[in-house]
Amino acid sequence: MLDQHLDIDIAPFIDHSLLNPCATQQYVGQWCEEADRFGFASVCIYPSYVRFARELLQGKRPKVCTVIGFPTGATTSTMKLYEAQEAVENGAEELDVVINLSWLKMGKTNEVHREIAEICEETNVTVKAIIETNLLSIEEKRIATEICIDSGVQFVKTCTGWNGGAKVEDVRLLKEFAKGQIGIKASGGIRSFEDAVELIEAGASRLGTSYSIQVLKSRRKEEEEEAETQPS
């Protein structure tokens with residue numbers, strides 16, 4: 001039952017995400033307007049729309065977030081760094097960077113660390129490292145989290161959404177591994193107020209979803225259902 005959690009304001013947790021490759025400028029504009037209207041933490045869009053989003057959100061609360069090396073993380077370190085630097089020059093305040101999963105699987109931890117650390121050092125903005133939890137073993141999740149902490153990121157993020165969504169048990173694991181040193185962003189498959197609350201309770205301090213409005217509307221539905229059960 002969620003009645004005891006209906007007073008939680010989840011809007012400030014949400015990165016209002018628009019990562020459909022067919023999304024047009026019109027939709028980016030809509031997402032920016034919604035982010036401002038509902039008080040979301042950020043709008044997360046592709047790098048090609050960062051400058052446009054920055055113009056729309058100048059002086060407003062939501063930050064401009066973009067993705068780097070998305071969705072595979074398999075581009076070269078040089079290209080990731082350039083993409084990150086250009087995004088920041090265009091107005092990005094937060095970067096969601098996909099780590100090189102192949103390197104992690106091969107045990108090339110120094111290379112993974114060097115790549116993420118360089119982006120953190122050269123951009124000096126909030127970096128969320130996407131580790132794609134659904135593709136990793138528990139031990140790999142631990143190693144990835146420790147690398148991210150040592151690299152200087154502010155968040156470790158569960159998923160791109162292209163290989164499954166966030167799981168409550170993974171968020172709990174990442175929180176345990178992080179030991180309060182960095183935040184946890186849960187992303188992928190968050191479509192209801194109940195999903196959001198479960199992930200926040202598990203330890204998520206940021207939520208990535210393109211169903212942000214649906215999540216807020218489902219909260220109102222929970223409130224209405226709770227009111228109907230109260231004695232008159």
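Axes are lines fitted to C-alpha atoms, for helices over the stretch in contact, and angles between N-to-C directions run from 0 to 180 degrees. Helices (H or I, at least four residues) and strands (E, at least two) are DSSP runs numbered from the N terminus. The structure is a predicted model, in which local features need pLDDT of at least 70 and side-chain atom pairs count only at pLDDT 80 or more, while totals for chains, interfaces and linings use all residues. Residues are numbered from 1 along each chain as its sequence is written, and side-chain values use heavy atoms, with hydrogens and water left out.

Helix 3 (residues 77-89) packs against helix 5 (residues 109-123) at an angle of about 25 degrees, and their axes are 10 Å apart. Helix 3 is therefore roughly parallel to helix 5; angles under 35 degrees count as roughly parallel, over 145 as roughly antiparallel, 65 to 115 as roughly perpendicular and the rest as oblique. Their crossing is right-handed, a term for a near helix turned clockwise from the far one by less than a right angle, with anticlockwise giving left-handed. On the helix 3 side, S77, K80, L81, A84, Q85 and V88 meet E115, E118, I119, E122 and T123 of helix 5, where contact means heavy atoms within 4.5 Å.

The second pair is formed by helix 7 (residues 168-178) and helix 8 (residues 193-202), packed at about 25 degrees with axes 8 Å apart. Helix 7 and helix 8 are therefore also roughly parallel, and helix 7 passes helix 8 in a right-handed crossing. V168, V171, R172 and K175 of helix 7 make the contact with E198, L199 and A202 of helix 8.

Beyond its neighbours within four places in sequence, I99 is in contact with T72, G73, K80, L104, V112, I116, A129, I130, I131 and A144. K141, found in helix 6, is buried at a relative accessible area of 8%; buried means under 20%, exposed over 50% and partly exposed in between (1.4 Å probe, protein chains only). Not counting residues up to four places away in sequence, K141 touches I131, T133, L136, D170, L173, L174 and F177.

The backbone has a few features worth a look. Most residues other than glycine have a negative phi, and most peptide bonds are trans. N124 has a positive phi near 55 degrees; N124 sits in the loop between helix 5 and strand 5 (126-130) and, at 69% relative accessibility, counts as exposed. K179 likewise has a positive phi, near 55 degrees, in the loop between helix 7 and strand 7 (183-187), and K179 is exposed at 64% relative accessibility. A cis peptide bond, with omega about 5 degrees, joins F70 and P71, and P71 is placed in the loop between strand 3 (63-68) and helix 3.
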